[in-house]
Amino acid sequence: MKLISAIIKPFKLEPVREELDKIGISGMTITEVKGYGRQKGHTELYRGAEYVIDFLPKIKIEVATSDEMVDEIISVISKAASSDKIGDGKIFVSNLESVVRIRTGEQNEEAL
């Protein structure tokens, strides 16, 4: 089992969700996060004063899945989240040791 975490631009959330739904992925966790990578933030002008925004708003999508679905999910997220511009985000894949569905007590693959 794997946990796929994708950091994407906020306006790409709906296209990513729709594409994941098409391949049967309906369960996911969405978190509003802030961060930066190579784009290093930007400056803005507010009431005549310039200030630096170091951390940009992003969306973190987390999907727990079987090992067999990992490549397909990565491909779908990559295509749907891409704008071919800096700051499109990253995808991280981690091993999941155990999963338990609280309501039923199902474990691991059955709990996904």
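The second largest pocket holds about 220 Å³ of space. Its lining comprises 13 residues, and Gly27, Met28, Val63, Ala64 and Leu112 are those nearest the centre of the second largest pocket. The model is predicted: local features need pLDDT of at least 70 and side-chain atom pairs pLDDT 80 or more, while totals for chains, interfaces and linings use all residues. Residues are numbered from 1 along each chain as its sequence is written, and side-chain values use heavy atoms, with hydrogens and water left out.

A pocket is an open set of points on a 1 Å grid over the protein atoms alone, with protein on both sides within 12 Å along at least five of seven lines, and lining residues have an atom within 4 Å of a point. A volume is the space filled by probe spheres set on the points.

**Pockets**

| Pocket | Volume | Lining residues by class |
|---|---|---|
| Largest pocket | about 340 Å³ | five nonpolar, five polar, six charged |
| Second largest pocket | about 220 Å³ | eight nonpolar, four polar, one charged |

In these classes, Asp, Glu, Lys and Arg count as charged, Ala, Val, Leu, Ile, Met, Phe, Trp, Tyr, Cys and Pro as nonpolar, and the others, Gly among them, as polar. Strand 5 (residues 56-65) contributes the most to the lining of the second largest pocket, with three residues. The largest pocket is lined by 16 residues, with Tyr36, Gly37, Arg38, Gly89 and Lys90 nearest its centre. Strand 2 (29-35) and strand 6 (89-95) each give two or more residues to that lining. Strands (E, at least two residues) and helices (H or I, at least four) are DSSP runs, numbered from the N terminus.

**Strand pairing**

Strands pair if DSSP finds at least two bridges between them. Strand 5 runs antiparallel to strand 1, joined by seven bridges, and isoleucine 59 of strand 5 is the bridge partner of isoleucine 8. Strand 2 also pairs with strand 5 in the antiparallel sense, over seven bridges; here glycine 35 has leucine 56 as its bridge partner.

**Single residues**

Serine 5 belongs to strand 1 (residues 2-8). Serine 5 counts as buried because its relative accessibility is 9%, where buried means under 20%, exposed over 50% and partly exposed in between (1.4 Å probe, protein chains only). Leaving aside residues up to four places away in sequence, serine 5 touches Lys60, Ile61, Glu62, Lys90, Ile91 and Phe92, contact meaning heavy atoms within 4.5 Å.

Aspartate 84, in the loop between helix 2 (70-81) and strand 6, has a positive phi near 60°. Aspartate 84 is exposed, at 74% relative accessible area.

Definitions and conventions
1 Å grid on protein atoms, 1.4 Å probe; cavity = no way out; pocket = protein on both sides within 12 Å on 5 of 7 lines; lining within 4 Å.
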